[in-house]
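Here is a report on one protein chain.

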Amino acid sequence: MKHLKFNANLNVKVRLKDKGIEHIVKQHNEIMPFKYHTSFKEYKAKADEFGYYTFQLWSFIDHFGNLGMSSCDYFDIDIVFEFKDFEPFEFKDKVSTEQS
């Protein structure tokens, strides 16, 4: 079986639904000082010409990873990666399962 490896810092593209934009704006505004707050309209304008938003993978998981089965209400579940970010990977060293 062949495997691919990628880093959690890589960029991914995701189409957010309105509920997802509301979610991320609320999170952002809760932790940032007022002068850095954003609005739904401002954040919605950040989408690229195809309607995708770019996140580092870890950041996307941080924002939306706790939604479970309701995640499809917040974003399209197809996440776009770039081929250049993947490397072939083969498992070499088995981890011992013995307890000491």
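In this predicted model, residues 24 or more positions apart account for 76% of the contacts with a separation of 6 or more in the chain. Contact here means heavy atoms within 4.5 Å. Local features need pLDDT of at least 70, side-chain atom pairs count only at pLDDT 80 or more, and totals for chains, interfaces and linings use all residues. Residues are numbered from 1 along each chain as its sequence is written, and side-chain values use heavy atoms, with hydrogens and water left out.

**Fold and overall form**

The chain has 3 helices and 4 strands. Both are DSSP runs, numbered from the N terminus: helices are H or I with at least four residues, strands are E with at least two. The order from the N terminus is β-β-α-α-β-α-β. The chain is more spread out than a compact globule, because its radius of gyration is 17 Å, well over the 13 Å that the globule rule gives for 100 residues. That radius is taken over C-alpha atoms, and the rule is 2.2 Å times the number of residues to the power 0.38. The C-alpha trace spans about 50 × 35 × 25 Å along its principal axes.

**Surface and charge**

Buried residues make up 24% of the 100 residues. Buried means under 20% relative accessible area, exposed over 50%, and partly exposed in between (1.4 Å probe, protein chains only). The accessible surface of the chain comes to about 8,200 Å². Carbon and sulfur atoms hold 56% of that surface. Areas come from the Shrake-Rupley method with a 1.4 Å probe.

The chain carries 14 positive and 16 negative charges, and their mean positions are 2 Å apart. Lys and Arg count as positive, Asp and Glu as negative; His and the chain ends are not counted. Each charge is placed at NZ of Lys, CZ of Arg, CG of Asp or CD of Glu.

**The core**

The largest nonpolar core has 16 residues. Such a core is a set of buried Ala, Val, Leu, Ile, Met, Phe, Trp, Tyr and Cys residues joined through side-chain atoms within 4.5 Å. Leu16, Tyr43, Phe55 and Phe64 have the most contacts inside this core. Strand E2 (11-14), helix H1 (18-31), strand E3 (53-56) and helix H3 (57-64) each give two or more residues to it. Beyond its neighbours within four places in sequence, Phe55 is in contact with residues including Leu10, Val12, Val14, Leu16, Ile24, Tyr43 and Phe64.

**Single residues**

Tyr74 lies in the loop between H3 and E4. Not counting residues up to four places away in sequence, Tyr74 touches Leu16, Lys17, Lys19, Gly20, His23, Phe64 and Leu67. Leu67 sits in the loop between H3 and strand E4 (87-89).

Asn29 belongs to helix H1. At 18% relative accessibility, Asn29 counts as buried. With neighbours within four places left aside, Asn29 is in contact with His37 and Thr38. Asp48 is in the loop between helix H2 (40-44) and E3. Asp48 is partly exposed, as its relative accessible area is 23%.

How far apart in sequence and in space are Leu67 and Asp93? The table gives that pair and two others, with space taken C-alpha to C-alpha.

| Pair | Apart in sequence | Apart in space |
|---|---|---|
| Tyr74 and Leu16 | 58 residues | 6.1 Å |
| Asp48 and Arg15 | 33 residues | 9.6 Å |
| Leu67 and Asp93 | 26 residues | 34 Å |
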